Amino acid sequence: MEERTPNNQNSKAVAYWRANLRAILILLAIWALVSYVAAIILGGVFYNVRFFQLPLSFWFAQQGSMITFVILIFVYSWWMNKIDREFDVHEE
Amino acid sequence: MSTETWTLIIVGLTFAFYLYIGYLNRVRETAGFYVAGRGVPAIANGAATAADWMSGASFVSMAGLISFLGYDGAVYLMGWTGGYVLLALLLAPYLRKYGKYTVPDFIGDRYYSNTARAVAALATIFISLTYVAGQMRAVGIVFSRFLQVNIVTGVIIGMGVVAFFAVLGGMKGITWTQVAQYAVLITAYLITTIAIAWTLTGNPIPQLALTFTDFAQRLNQIQIDLGLKEYLRPFQNFSQLNVFFVTLSLMIGTAGLPHVIIRFYTVPRVSDARISAGWALLFIALLYTSAPALAVFAKYNLINTLHGKTRAEIEQIDWAVKWEQTGLLKFEDKDGDGKLEMTADKATNEIIIDRDIIVLSTPEVARLAPWVVGLVAAGGLAAALSTAAGLLIAMSSAVSHDWYYRIWKPDATESERLLVGRIMIFVAILVAGYFGIRPPGFVAEVVAFAFGLAAASLFPAILLGIFDRRMNREGATAGILVGLFFTLIMIILMRSNRLLGTEQPIIASFLGINAQGIGVVGAILNFIVSYVVSRATPPPPQEIQELIEEIRIPRGALAPTAEH
């Protein structure tokens with residue numbers, strides 16, 4: 001068991017916050033990738049790639065991005081619960 | 001039984017059901033009134049948020065809008081869903097931990113300023129009011145279209161139902177009614193979409209039918225043949241730049257809308273706030289991923305059935321005759337060759353399709369039983385009423401909680417606050433009803449305001465309040481004001497033909513960005529100004545820095561709700 005000095009508490013809070021920011025940044029990178037990159041910035045390029053019966057960019061624009069968004073939030077929820085427990089800041 | 005009788009029965013039953021739920025969930029204390037006693041399970045909050053979010057327009061018009069915009073309709077699909085990722089990752093858990101009642105609560109406390117609180121309350125009222133007018137109007141329109149009741153009577157019936165459960169039950173009554181309303185609206189939407197997917201493609205799952213059958217390509221080819229814009233090719237209706245900025249503006253705006261944010265105050269714990277955003281988006285995405293499939297199938301079917309037919313042939317089609325009577329479908333043989341043909345040119349086009357028909361006519365086009373038509377009417381009403389109720393509580397709490405209690409009369413007793421809350425929600429319903437009966441001519445224009453202002457003012461202020469410990473009163477206030485005024489002025493200038501009555505918009509765009517996308521620029525300005533000003537002025541006081549440390553840690557959110 002770590003000693004619960006104020007200093008120790010403080011560095012633990014900093015480490016927790018850093019782990020939290022890392023999770024957020026990774027998930028937001030995917031968020032931007034499936035929407036802004038795949039459907040908009042590369043919209044013209046991926047138009048020429050087939051995804052079953054649709055152009056790939058169209059699939060991302062009207063299906064894939066939204067499906068990914070849903071998955072991202074559930075992953076975030078699971079991931080944060082895990083981080084909360086690791087740093088012993090989870091709720092009773 | 002006739003379609004109309006079925007509609008009357010189903011709408012009547014659903015309304016009775018909402019009233020019953022409202023009666024069961026009446027409340028006696030302010031925590032119940034504003035945040036449903038923080039006792040809403042995560043999954044129920046998800047369903048309520050989804051119903052809150054999906055408006056009458058999402059239900060009735062969105063699939064039609066997409067079917068006319070093709071690829072570029074994605075700005076609405078991605079824009080109105082992607083904001084939930086921002087909300088879940090950046091705002092909801094921290095605001096739940098902070099654990100008060102409203103958005104101005106957080107801004108006022110975090111920036112230790114009643115000016116900031118008052119401005120945030122004003123923004124909340126303005127954003128919610130622009131939205132709610134359209135909802136009441138939608139209620140009236142559904143009544144008039146399906147039940148031949150006039151619009152004013154329809155609006156008054158809708159007001160009566162909302163008033164009952166909102167005044168009695170506040171947030172608690174609204175939440176549980178919204179859960180029921182979500183069930184009604186999603187059932188109606190999915191039955192309709194599944195039916196047309198099955199009839200047309202043989203695959204009952206709309207999302208799979210869109211991806212694995214060639215109907216989208218067929219529609220694309222038909223549009224090319226008719227000289228219309230290609231359906232599947234990007235950036236035919238909006239420029240790439242505008243698709244980018246409008247999508248981002250809608251996402252940031254979504255995350256900053258007060259009526260959505262306050263929903264996350266109602267769950268018991270921080271971890272519930274996180275997962276309940278996931279449930280909300282899952283429930284929203286059920287409709288939002290079905291809509292593009294419905295758009296393709298219904299449009300393909302309409303053109304395929306109607307194009308090139310003679311007047312006599314059209315008169316054999318029941319639904320074509322019926323919808324022509326409503327004015328949503330128009331036929332005119334302009335070149336007198338006996339055939340009705342669609343073209344890209346307005347002067348020669350002989351079949352005019354209103355976008356709302358994409359959803360409304362589908363049950364009949366797909367030959368569904370008459371009760372499904374009634375269910376679609378009930379679904380449209382559920383979507384409009386649930387959104388209206390959510391906006392009403394956001395608006396009235398800004399007045400009764402933020403202005404009356406927090407600023408004007410901090411020593412008000414529990415029962416006084418509850419009474420003021422009930423009175424304010426009743427007043428808000430009257431105001432919303434008035435705008436529903438006499439809609440201002442620029443309702444469509446003000447929706448750009450709601451998102452733009454939420455994106456440029458509330459979202460950056462909340463985000464910086466959580467993630468930037470050094471952000472202070474001076475920085476945040478300056479940022480909000482700059483973001484707010486820049487966005488307001490830009491939208492007014494770009495829409496001056498509608499808002500000020502000038503012949504042409506005073507400016508066409510801001511560096512190519514249109515009025516719907518301008519909120520992003522306002523938000524960026526807000527961030528820059530906040531940063532610069534905060535670094536040039538004193539840091540926030542010690543107790544505020546401790547508050548920030550506190551909201552960053554989940555533990556301890558389960559505080560007793562009667563604390564203040």
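**Helix packing and chain contact in chain B**

In chain B, the axes of helix 11 and helix 14 come within 10 Å and cross at roughly 45°. Because angles under 35 degrees count as roughly parallel and those of 65 to 115 as roughly perpendicular, helix 11 of chain B and helix 14 of chain B are oblique to each other. The model is a predicted one.

**The crossing of helix 11 and helix 14**

- Helix 11 of chain B and helix 14 of chain B cross in a left-handed sense.
- On the side of helix 11 of chain B, the contact is made by Phe215(B), Ala216(B), Arg218(B), Leu219(B) and Ile222(B), and on the side of helix 14 of chain B by Val296(B), Phe297(B), Lys299(B), Tyr300(B) and Ile303(B).
- Sorted by class, this contact has eight nonpolar residues and two charged ones, with no polar residues.

**The side of chain B that touches chain A**

- In the contact between the two chains, 45 residues of chain B meet 40 residues of chain A.
- Helix 6, helix 10, helix 11, helix 12 and helix 14 of chain B each supply at least two residues of this side of chain B, and helix 14 of chain B gives the most, with 12 residues.
- The residues on this side of chain B divide into 27 nonpolar, 11 polar and seven charged.

**The surroundings of helix 5**

- Helix 5 of chain B, residues 62-69, has as its buried residues Met62(B), Ala63(B), Gly64(B), Ile66(B) and Ser67(B), and what covers them includes helix 4, helix 6, helix 14 and helix 17 of chain B.
- Following helix 5 of chain B is Gly70(B), whose phi is positive, near 60°.

How values were computed: Residues numbered from 1 in each chain as written. Chains lettered and ligands numbered in written order. Predicted model: local features only at pLDDT ≥ 70, side-chain atom pairs only at ≥ 80, totals over all residues. Buried ≥ 20, exposed ≤ 12 C-beta atoms within 10 Å, placed from the backbone. Helix = DSSP H or I, 4+ residues; strand = E, 2+ residues; numbered from the N terminus. Contact = placed C-beta atoms within 7 Å. Nonpolar A, V, L, I, M, F, W, Y, C, P; charged D, E, K, R; others polar. Axes fitted to C-alpha atoms, helices over the stretch in contact; angles between N-to-C directions. Parallel < 35°, antiparallel > 145°, perpendicular 65-115°, else oblique. Left-handed = near helix turned anticlockwise from the far one by under 90°.
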